[in-house]
Amino acid sequence: MRVLLIGAGGYLGRFVADRLLADPAVQLTALGRGDDADVRFDLASGSPGALTRFLDAVHPQVVVNCAGATRGGARELTRHNTVAVATVCEALRRSGCGARLVQIGCGAEYGPSQPGSSTAEDAVPRPGGPYGVSKLAATELVLGSGLDAVVLRVFSPAGPGTPAGSPLGRLAEAMRRAMQAGDGELKLGGLGAQRDFVDVRDVARAVHAASLSAAQGVINIGSGRAVRLRDAAAILARVAGYGGALHELDAPPGAHLRPAIGHPRPDSDHAAPVAYPYPDGCGSWQQADVRTARDRLGWRPRINLEESLADIWMEAACRI
């Protein structure tokens, strides 16, 4: 099976590439903006015609698009998340390759949801920020393209390679700094948010399964369980061996993480590091209904959050 992977150098793309390369039946070609790509091409500025000529030459059976931007202004997000996908769809329509498209969407397309609920694919999307809007527009382009296509709405990816600027990445970095400085307390913000974390390696398995399937439309990829960020912080402290106290900046006076982890060191001379709230525009709660992924892809998450956090911590602890 000839697969063209777009965005192989990104956070998710690296793991998707590893998963596809592990399949001896896959012949993989990587297209992207970086020097490590087999073919360099910028979807945000390149023409559909140029991409069509490349598709006709390579003749892939599956195109996987992991490319995109997660931060920046509305213009930048639109260019990299929406215009880029329009280029892919138009090139595939013009090409004679007849390739199937696997597009990586995100849970931020749904926006805030009711606490305690599980969001299914038929929920009306109401993104709460420009990132979710740009990704939702891309999904609508794919669904309206007439192509053989599936959109995997990935909720909150975690695990090795987690960007240092992401909420879990910042949490790990703040904890590393606190341990390095000998701080007996760590002040954290935004710990009340609850998110559905799914390991990047499980996401890669879902992409592989979607490439081989005939499923179309939107499919949620998550763990199916919302986890409060304060609980993730407690797990991270345990795997890191951090014995200090974790204090919530936005909690009621006197509130601490429960179960309590150690005690503040009263004689600390260092300002306690601070981590900041979740920036995805999804409010206080998000949890995926993942029954469609189970039924149509035969996919279930395998890696638990503790293992994902242990890998995040391993990388943070190795930073100098």
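The structure is a predicted model, in which local features need pLDDT of at least 70 and side-chain atom pairs count only at pLDDT 80 or more, whereas totals for chains, interfaces and linings use all residues. Residues are numbered from 1 along each chain as its sequence is written, and side-chain values use heavy atoms, with hydrogens and water left out. Helices (H or I, at least four residues) and strands (E, at least two) are DSSP runs numbered from the N terminus.

- An open sheet of 7 strands has the order 3-2-1-4-5-6-11 with parallel pairing, where two strands pair if DSSP finds at least two bridges between them.
- The edges of this sheet are strand 3 (39–40) and strand 11 (217–221), each of which pairs on one side only.
- Strand 2 (residues 27–32) is joined to strand 3 in the parallel sense by 2 bridges, and Leu31 stands opposite Val39 of strand 3.
- Helix 1 (residues 11–21) packs on the sheet, where it touches strand 1 (2–6), strand 2, strand 4 (62–65) and strand 5 (100–106), and its direction makes about 165 degrees with that of strand 1; contact here means heavy atoms within 4.5 Å.
- Helix 6 (residues 200–212) also packs on the sheet, touching strand 4, strand 5, strand 6 (149–154) and strand 11, with a direction at about 150 degrees to that of strand 5.
- Strand 1 and strand 2 run parallel and are joined by 5 bridges, with Arg2 opposite Gln27 of strand 2.
- Strand 2 is mostly covered, since 5 of its 6 residues are buried, buried meaning under 20% relative accessible area, exposed over 50% and partly exposed in between (1.4 Å probe, protein chains only).

**Leu152 in strand 6**

- Leu152 is found in strand 6 and is buried, because its relative accessible area is 0%.
- Not counting residues up to four places away in sequence, Leu152 touches Val102, Gln103, Ile104, Gly105, Cys106, Ala206, Val207, Ala210, Ile219, Ile221 and Leu297.
- The C-alpha atoms of Leu152 and Ala164, which are 12 residues apart along the chain, are separated by 24 Å.

- Strand 8 pairs with strand 13 (residues 245–248) in the parallel sense over 4 bridges, and Leu188 stands opposite Glu248 of strand 13.

**Helix 9 and its packing partners**

- Two packed helices are described by the angle between their axes and the distance between the axes.
- Helix 7 (residues 229–240) and helix 9 (residues 305–317) pack at an angle of about 60 degrees with their axes 9 Å apart, the axes being lines fitted to C-alpha atoms, for helices over the stretch in contact, and the angles running from 0 to 180 degrees between N-to-C directions.
- Helix 7 and helix 9 are therefore oblique to each other, given that angles under 35 degrees count as roughly parallel, over 145 as roughly antiparallel, 65 to 115 as roughly perpendicular and the rest as oblique.
- The contact between these two helices involves Ala232, Ile235, Leu236, Arg238, Val239 and Ala240 of helix 7, together with Leu305, Glu306, Leu309, Ala310 and Trp313 of helix 9.
- The axes of helix 5 and helix 9 come within 9 Å and cross at roughly 50 degrees, which makes helix 5 oblique to helix 9.
- On the helix 5 side this contact is made by Leu168, Ala172, Met175, Arg176 and Met179, and on the helix 9 side by Leu309, Ile312, Trp313, Ala316 and Ala317.

**Arg176 in helix 5**

- Arg176 lies in helix 5 (residues 167–181) and is buried, with a relative accessible area of 9%.
- The side chain of Arg176 makes a polar contact with the side chain of Glu173 at 2.7 Å; a polar contact is a pair of N or O atoms within 3.5 Å, of which, within protein, one must be able to donate a hydrogen and the other to accept it, and residues adjacent in sequence count only if both atoms are side-chain atoms.
- Leaving out residues up to four places away in sequence, Arg176 touches Trp313, Ala316, Ala317 and Arg319.

**Thr87 and His59**

- Thr87 is placed in helix 3 (residues 74–94) and counts as buried at 6% relative accessibility.
- His59 lies in the loop between helix 2 (48–58) and strand 4, and its phi is near 55 degrees, a positive value in a residue other than glycine.
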